[in-house]
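This report describes selected features of one protein–ligand model. It begins with the ligand site and then turns to the backbone and to individual residues.

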Amino acid sequence: MTWRASVVTLFPEMFPGPLGQSLAGKGLRDGRWAIDTLDIRGFATDRHRTVDDTPFGGGAGMVMRPDVVDAALAAADAAGPDRPAVYLTPRGRPLDQALVRDLAAGPGVVLLCGRYEGVDQRVIEARGLMEVSIGDYVLSGGEPAALVLLDACIRLLPGVMGAAESAAEESHANGLLEYPHYTRPADWQGRAVPPVLLSGHHAEVAKWRQTEAERATRERRPDLWAKHVTHDAAPGAMDGRPAAD
Ligand code: 6GU
């Protein structure tokens with residue numbers, strides 16, 4: 001069965017957008033995944049097609065009405081059975097590769113993109129929406145976040161990427177940043193490629209890459225490094241752990 005994304009948005013023209021290109025676009029044309037959009041404005045019930053209103057309690061901005069959003073989500077549900085519904089919001093749990101893997105392994109996803117100050121809390125609770133953020137910064141709307149989430153899922157679908165990329169995904173799934181990459185020319189503007197990569201010693205190359213992956217993770221992402229050393233059951237796994245304060 002085709003993995004299906006239904007996107008509930010005020011800006012349906014933003015989809016598939018960049019996902020119509022490259023490997024995701026090929027996968028879309030090949031029927032590995034499918035996408036439909038639901039224009040929230042189409043579910044407004046008044047003459048003015050109102051989708052938002054002022055927040056109770058006062059304050060800046062506008063809030064998306066629960067009745068209008070609920071009707072749009074109900075219509076999205078009809079497009080495919082039993083898919084998790086995700087609300088893209090900076091208040092959400094951080095998106096990570098484990099969640100991406102879970103979503104890609106299921107039948108698809110319903111994505112609600114908020115604009116304005118957000119969506120009335122009651123529709124989030126009534127529909128049991130999973131609130132997801134793509135990082136600690138603020139976008140003007142959930143649409144770019146939905147594209148990010150979809151890209152991450154689509155590349156994991158069977159037949160979308162070749163075997164090489166699938167294997168690479170597995171190696172990254174160890175919770176480390178990747179090692180650095182090099183190609184020809186072997187000397188460029190006086191900068192040499194690390195000699196071990198030219199040595200032909202596969203075991204030495206693998207050892208170097210592991211070391212460099214660990215170095216990058218330790219230096220750039222102490223949060224990931226702490227998880228990596230904690231979850232590694234091997235003796236000495238705590239070596240190199242960031243010092244406690
Ligand atoms: Cl999911 N939405 C918005 N509007 N901003 C964000 C975000 C989502 N994730 C990070 N910033």
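## Ligand site

A pocket is an open set of grid points, on a 1 Å grid over the protein atoms alone, with protein on both sides within 12 Å along at least five of seven lines. A molecule is taken to sit in a pocket if more than half of its atoms lie within 2 Å of the pocket's grid points. In the present model, which is predicted, the ligand sits in the second largest pocket.

The shell around the ligand consists of L88, T89, P90, V132, S133, I134, G135, Y137, L139, G141 and A145. By class, seven of these residues are nonpolar, four are polar and none is charged. Two strands, β5 (85-94) and β8 (130-133), each contribute at least two residues to the shell. The greatest contribution comes from β5, which supplies three residues.

For I134, a backbone N or O atom lies at 3.0 Å from a nitrogen atom of the ligand. For Y137, a backbone N or O atom is found 2.5 Å from a nitrogen atom of the ligand. On its own, the ligand has 290 Å² of accessible area, of which the protein covers 96%.

## Backbone geometry

Most residues other than glycine have a negative phi, and most peptide bonds are trans. One joins F15 and P16, with omega at about 0 degrees; P16 belongs to the loop between β1 (3-9) and α1 (22-29). Another joins R184 and P185, also with omega at about 0 degrees. P185 is located in the loop that runs between α6 (163-172) and β9 (187-188).

Positive phi values occur at R49 and D82. In R49, a residue other than glycine, phi is near 60 degrees. R49 is part of the loop between β2 (33-39) and β3 (52-53). D82, likewise not a glycine, has a positive phi of about 60 degrees and is placed in the loop between α2 (66-78) and β5 (85-94).

Are R49 and D82 exposed or partly exposed? R49 has 37% relative accessibility and therefore counts as partly exposed, since that class covers values between 20% and 50%. D82 reaches 74% relative accessibility, so D82 counts as exposed, the threshold being over 50%.

## Two buried residues

D120 lies in the loop between β7 (118-119) and α4 (121-126). Because its relative accessibility is 14%, D120 counts as buried; the limit for this class is under 20%. The side chain of D120 makes a polar contact of 2.7 Å with the side chain of R122.

I154 is located in helix α5 (residues 143-154). With a relative accessible area of 1%, I154 is buried. How far apart are I154 and Y182 in sequence and in space? They are separated by 28 residues in sequence and by 27 Å in space, C-alpha to C-alpha.

How values were computed
Residues numbered from 1 in each chain as written. Predicted model: local features only at pLDDT ≥ 70, side-chain atom pairs only at ≥ 80, totals over all residues. Heavy atoms only, no water. Helix = DSSP H or I, 4+ residues; strand = E, 2+ residues; numbered from the N terminus. Buried < 20%, exposed > 50% of the residue type's maximum accessible area, 1.4 Å probe, protein only. Near = heavy atom within 4 Å. Polar contact = N/O pair within 3.5 Å; in protein donor to acceptor, adjacent residues only side chain to side chain. Areas by Shrake-Rupley, 256 points an atom, 1.4 Å probe, with all protein chains shown as cover. 1 Å grid on protein atoms, 1.4 Å probe; cavity = no way out; pocket = protein on both sides within 12 Å on 5 of 7 lines; lining within 4 Å. Nonpolar A, V, L, I, M, F, W, Y, C, P; charged D, E, K, R; others polar.
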